[in-house]
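Visitor: I'd like a close look at one part of this structure, taken slowly. Could you walk me through it?

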Amino acid sequence: RVWAAISQWQGMFTAADVSAQLGLSRVTIRKYLNLLAENRFLGLDLFFGNVGRPVSRYKILKGK
């Protein structure tokens, strides 16, 4: 379900984006996304805003 959901995204997405689409918790989605990033199916970029915690943004790596 997670891969099917993220394969529809164009560009960058966050765990919160996928969580809202699937109705699963952000923590659960973040675990799946981090596993996919560790196995090089996803790229991971940390976005640092002006305040607060950084946001992990993901994208599907080409050829996957």
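Visitor: Which elements do the buried residues of α3 pack against?

Guide: Happy to take you there, keeping in mind that this is a predicted model. The buried residues of α3 pack against α1 (2–6), β1, α2 (15–22), β2 and β3. Start with the helix itself: α3 covers residues 26–38. Its 13 residues reach 18 Å from the first C-alpha to the last, close to the 18 Å expected at 1.5 Å a residue. Its buried residues are Ile-29, Leu-33, Leu-36 and Ala-37. These four sit on the same side of α3, because they cover an arc of only 100 degrees around the axis. The general rule behind such a pattern is that an α-helix has 3.6 residues a turn, so residues three or four places apart point the same way. On the face turned away from the buried side, α3 carries the exposed residues Lys-31 and Glu-38.

α3 lies across β1, β2 and β3, and runs at about 115 degrees to β2. Those three strands form an open sheet in the order β1-β3-β2, with antiparallel pairing. β1 (13–14) and β2 (42–47) are the edge strands, each pairing on one side only. Between β2 and β3 (residues 55–60) there are six bridges in the antiparallel sense, and Asp-45 stands opposite Arg-57 in β3.

How values were computed. Residues numbered from 1 in each chain as written. Predicted model: local features only at pLDDT ≥ 70, side-chain atom pairs only at ≥ 80, totals over all residues. Heavy atoms only, no water. Pairing = 2+ DSSP bridges. Helix = DSSP H or I, 4+ residues; strand = E, 2+ residues; numbered from the N terminus. Contact = heavy atoms within 4.5 Å. Axes fitted to C-alpha atoms, helices over the stretch in contact; angles between N-to-C directions. Expected span 1.5 Å × (residues − 1). Buried < 20%, exposed > 50% of the residue type's maximum accessible area, 1.4 Å probe, protein only. Arc of directions from axis to C-beta.
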